[in-house]
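This report looks at charged side-chain pairs and at one helix. Please keep the sequence and the structure at hand while reading.

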Amino acid sequence: MKNIELKSKLLGEFKNVFGLLDFNEKRVAERLSEIASIGLTGDGGSNRIAYTREERQAKETIKKWMAEIELEVQEDQAGNVIGRYIGKHPSLPAVLAGS
């Protein structure tokens, strides 16, 4: 699947359901498309097996995006990529989210 087709498929009828946030739907679709294109399969899916070049490329792309928005970025020994935003009161506990 070509990158333009993938962007169109991902953007589709996407709407900013968050309304009040500064949320760029086009950028989200472009980034999803970029990540999906790493390890792209013939049927339009993605396949990034652990410890492969494709997995490393995807992680480095995500880490770059995190650094661009000034997150403190690290990767733990298990390979989890972690981005931390240092708030106004860095001594307070962090709020974590993940998948």
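## What counts as a salt bridge

A salt bridge is taken here to be a side-chain nitrogen of Lys or Arg within 4 Å of a carboxyl oxygen of Asp or Glu. The structure is a predicted model, and by this rule it contains eight salt bridges. In general, side chains of opposite charge can pair when their charged atoms come close.

With 2.8 Å between N and O, the side chains of arginine 56 and glutamate 60 meet in a salt bridge. Both residues belong to helix α3, which covers residues 53-68, and they lie four residues apart, about one turn of the helix. Arginine 56 is partly exposed, its relative accessible area being 35%, and glutamate 60 is likewise counted as partly exposed, at 36% relative accessibility.

Glutamate 60 also forms a salt bridge with lysine 63, where the N to O distance is 3.4 Å. These two residues are three apart in helix α3, so that about one helical turn separates glutamate 60 from lysine 63. Lysine 63 has a relative accessibility of 19% and therefore counts as buried, since the limit for that class is under 20%.

Which residues are linked in a network of salt bridges? The network joins Glu55, Arg56, Lys59, Glu60, Lys63 and Glu75.

## Arginine 53 and glutamate 54

A further salt bridge pairs arginine 53 with glutamate 54, and the closest N and O atoms of this pair are 3.1 Å apart. Is arginine 53 buried or exposed? Arginine 53 counts as exposed, because its relative accessibility is 65%, whereas glutamate 54, with a relative accessible area of 23%, is partly exposed.

Helix α2 takes in residues 25-36, and its 12 residues, at 1.5 Å a residue, should span 16 Å. The C-alpha atoms at the ends of helix α2 are 16 Å apart, which agrees with that expectation.

Ala29, Ser33, Ile35 and Ala36 are buried in α2. These residues cover an arc of only 165° around the axis, and they are therefore placed on the same side of α2.

How values were computed: Residues numbered from 1 in each chain as written. Predicted model: local features only at pLDDT ≥ 70, side-chain atom pairs only at ≥ 80, totals over all residues. Heavy atoms only, no water. Buried < 20%, exposed > 50% of the residue type's maximum accessible area, 1.4 Å probe, protein only. Expected span 1.5 Å × (residues − 1). Arc of directions from axis to C-beta.
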